[in-house]
Structure formats: C-alpha cells, structure tokens
Amino acid sequence: MNQFICVPLRSDPRHLEMITRFVIDREYDISTIGDKVIGLESYLKRCAWEDDFNNEVRIYLIIDTSMDEVAAYFGLKAGMVANAKYGMPSPHEKRRIMEEYGAKLLPEVAPGIEISHFAVNDNYRRLAGHKGKPIKGLGEYFYPAFIYPIIEEVATLIGVNIIYLYAAGDDRLVRYYEKVFAMQKLEEEDFYIPLEPDYDGGCTFMYRLL
C-alpha cells in the first residue's frame, strides 16, 4: 500500500476540491455549529480548513496517489485529562479504589494528544474495491502507518503520556477503536471523569496510556 501519502489539509489548495468527493455512508453527529449538529463528513467540508488555520486542530489527509483520491482523514490536537468530578483522590484513596474495584487510574493531570477526528471515505472504498465489493480494513492499516507515527514523534518533543478520543455513535464504533486503536473505556468512571468539551457531549471517552 505504498501508494498512500499523509499530508496536512492546508498544504495544497487542491485539497479543497478533493474533499468534496469525501462521503460517509453512516454518519454520526460529532459537533454543534450554532443550532446545527454535523458529522465527520460535514465537518471536513465545512469547518476543517478554518479550524486548522486557527490552530484549533491539525487535520491530515491520507491520499491514494494512484487515484488522486482522499482515502481517509484524521485530526490531532493537544489536550489534557484530569479528574473533573470528584477532585484528586489521595494516595490512600487511590489504593483503596484500585484494590476494591480493580480500576487502573490515570495520572491526576495527564498531558496528552486527542484524536479529534477519524473517518474513511466510503466513496473511495467503493472505487478501490474489487468486483463491486468495497475495500475493507483501511483503518487497521492507516492508524499504525500514519496516525501513530505522528503521535510518537510529538511525544519525543513534549511530554505526552496519554492518547484519547471521544467515540460517537453506538457500541460498534467503540469496539472498532478497541480493536484498531488499542483504546479502552474507563474502568471505573464514577471515580475518574475526564474533562469533556461540549462538542463531544454524549460520546464515549476512550484512552491509551503511552
């Protein structure tokens, strides 16, 4: 699969036209703009360029150079995870929680990287498929090939000890992130609640410690 490259969204004005062909068949609402709720496809086409320009997030496109098509995109941003509901438990309380519930607590304040967006282009999946069957398994290839290497590089420059995301939609997507991104849900969320932005309300917090 060496026909793929990963490039920043704003590195080429041609990308504005290319993302118009990005389609997601099964959309999950991920964000709110005014009174309108939008999904990952709409975000890429309507908001991603401006948010990237304002340094709110860095958006990357994964492009199949043999077809000149966007196969997938993802967003990364700096973040932090902290206990936002009950305050910081004492060392004694931490031990009690771990012994009683078997919960693995995150650090009190963990510098991290949020995978804010990730989506595969269903239109590309159909075009790249064989005998009318859409190509599968792209996420399992793209994450270790393009997303995680960027996270690893950043972690050599600044302190980072957690990767996290907010999974929208149903349990199917949660299971996907568990399998492909090696993420996990909080084991004892009554004791440890992450800071949750408004636009990710109702989503499932998932994380992986570095």
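Analyst: We can begin with Arg-126, which is partly exposed at a relative accessible area of 42%. Note that this is a predicted model.

User: With which residue does the side chain of Arg-126 meet in a salt bridge?

Analyst: Arg-126 lies in helix 5 (residues 122–127). Its partner sits in the loop between helix 1 (15–18) and strand 2 (29–33), so the pair ties together parts that are 101 residues apart in sequence. The N to O distance is 2.7 Å, and the partner is Asp-25.

User: Is Asp-52 buried or exposed?

Analyst: Asp-52 forms a salt bridge with Arg-58, their closest N and O atoms being 2.8 Å apart. Arg-58 is partly exposed, with a relative accessible area of 28%. Buried means under 20%. Asp-52 has 2% relative accessibility, so Asp-52 counts as buried.

User: Which residues are linked with Asp-52 in a network of salt bridges?

Analyst: The whole structure has ten salt bridges. One of them joins Asp-52 to Arg-58. The network that holds Asp-52 also links Arg-10 and Arg-58.

User: Which are the edge strands of the open sheet?

Analyst: The sheet has seven strands with mixed pairing, in the order 1-4-5-6-7-9-8. An edge strand here pairs on one side only. The edge strands are strand 1 (4–8) and strand 8 (184–185).

User: What angle does helix 6 make with strand 6?

Analyst: Helix 6 covers residues 138–155. Helix 6 lies across several strands, including strand 1, strand 4 (58–64) and strand 6. Its angle to strand 6 is about 145°.

Technical notes:
Residues are numbered from 1 along each chain as its sequence is written. This is a predicted model: local features need pLDDT of at least 70, side-chain atom pairs count only at pLDDT 80 or more; totals for chains, interfaces and linings use all residues. Side-chain values use heavy atoms; hydrogens and water are left out. Two strands pair if DSSP finds at least two bridges between them. Helices (H or I, at least four residues) and strands (E, at least two) are DSSP runs, numbered from the N terminus. Contact means heavy atoms within 4.5 Å. Axes are lines fitted to C-alpha atoms, for helices over the stretch in contact, and angles run from 0 to 180 degrees between N-to-C directions. A salt bridge is a side-chain nitrogen of Lys or Arg within 4 Å of a carboxyl oxygen of Asp or Glu. Buried means under 20% relative accessible area, exposed over 50%, partly exposed in between (1.4 Å probe, protein chains only).
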